[in-house]
Amino acid sequence: MKKQWTKFIIVLVLYLLFLFWVKSWLGLILVPFIYDVYISKKIRWQWWKDAEKPVRVLMSWVDAIIFALVAVYFINLFFFQNYVIPSSSLEKSLLRGDYLFVSKLSYGPRIPQTPLTMPLTQHTLPIIGTKSYIEWPHWDYRRVPGLGHVELNDIVVFNYPAGDTLANSPQYQAQDYYQLCYTIGMQQQKDATINIDSLTRQQQWDFFGQVLQQGAQVVRNNPAEFGSVISRPTDRRENYVKRCVGLPGQKLQIKDQTIYLDGQANKEPDQVQYSYWVRFIQDLPEETLTELGITDEDLMQLYGTRQHDGRGYMPLTKSAAEALQQMPQYVDLVQPVTDADGVDAGKVYPLNGNYGWTRDNYGPVWIPAKGKTLKLTMDNIAIYDRPIRVYEGNELEVKDNKIFINGKETDEYTFKMDYYWMMGDNRHNSLDSRYWGFVPEDHVVGKPIFIWLSINPEDRGQKIRWGRLFRMVDNIK
């Protein structure tokens, strides 16, 4: 009996420390059950051990599976989870097929907003394709204390901010719903000659609102093509991974591809990539492609963008571009892609604004900080519309050049959360904050610690990249 009391006291202390950490004393209702498991044993928790063999064998498996699922649920929720890099937006820093150990403790785990969810799924059950979570109960955002905060140039895993709404057809699920609606809405405009620059800010606001509304109407009225339009709570949206290049309270501007924070240039990642025009005379040897880090995906982009003069563009690091320039037997053109080439078809954030910004020349924008008050004007309301209205749950209207929040005219707003600016290291092949704006603090999931597995999706032979195993992500600058 003394042994049972010892076990009970250890488990109870650990459980109480956990409740103190998450500040959720509702969990005290489980203490009598913990006491019963170790001491009183009034409830027959393992009744099936006295049953007939078929029942005993079946229930032993059920017991083990339930225990494993519950353990995985709490470990993934409060301590760490696995994440695999699905795209090339962070290459050559993180590669497609890198499996990351993501720490929830680094920034503090979130109390789940949708607690009733199937472990090991994000939002959809495999095979049957239905939702893997129940939207009730839905708890407000709260984060328990962690080991630190998001720091400048951290690589961060977060929920995709624009993933609150999506068209559920398989071919459109991965698309930005708002970009999709904007594109369709622009196609619906009868007056193709309208000069947006000649409109007042109020007219621009009304025009872009009409464009997005018309595009959304087309999507909703064509479920056969686009599927149903669905919404997802914050913690059930897709997980993205990018580099934090702007912190709360900083003023960010991109000039000729260089990021400036409060007027000071921010250090670029060592393996940052930009697009270059390249024209091959003959194919590069396989070993040269591997040495320069040029992937099949890069070559497909090159061939898919080939112009009448034989050139196409592809992402390259500065060192790879310089190396190609020294290979005249293979290449006769290596030239940076610029805004003047007009190859970026995506509209940058905000979709309902007209600032003349591009992916290489953007801003300036002030990144909202918790407790800080911003002066609202007709010139900046489009930038901060989404944080105020969507992320912080206010009603916002703009009428007659006046701004109304929750029905009251105002010229300022105090933010309730911190926000971040996230970008990929593959700068011309990354859908990031330049296209969908700020990342609110309640979307931050965790910090990748190390690469525990790396599988090359393009390699038909040795798929495992042994040299990347257990590489610390913090060392990828």
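Predicted model: local features only at pLDDT ≥ 70, side-chain atom pairs only at ≥ 80, totals over all residues.
Which strands form the open sheet of four strands, and in what order? The order is β9-β8-β7-β13, and the pairing is antiparallel. Two of these strands, β9 (264–265) and β13 (362–366), are the edges of the sheet, each with pairing on one side only.

The contact between β7 and β13 can be followed at the level of residues. Strand β7 covers residues 251–255 and runs antiparallel to β13, to which three bridges join it. Ile 254 has Tyr 362 of β13 as its bridge partner.

This sheet belongs to a chain with 11 helices and 22 strands in its secondary structure. The chain has 477 residues, and 46% of them are buried. Along the principal axes, its C-alpha atoms fill a box of roughly 85 × 65 × 50 Å.

How much of the contact set comes from residues 24 or more positions apart? Among contacts in the chain with a separation of 6 or more, such residues account for 71%.

The surface and the charges remain. The accessible surface of the chain is about 25300 Å², and carbon and sulfur atoms hold 57% of that area. As for charge, the chain carries 52 positive and 53 negative side chains.

Key: Residues numbered from 1 in each chain as written. Heavy atoms only, no water. Helix = DSSP H or I, 4+ residues; strand = E, 2+ residues; numbered from the N terminus. Buried < 20%, exposed > 50% of the residue type's maximum accessible area, 1.4 Å probe, protein only. Contact = heavy atoms within 4.5 Å. Areas by Shrake-Rupley, 256 points an atom, 1.4 Å probe, with all protein chains shown as cover. Lys, Arg positive; Asp, Glu negative; His and termini not counted. Charge placed at Lys NZ, Arg CZ, Asp CG, Glu CD. Pairing = 2+ DSSP bridges.
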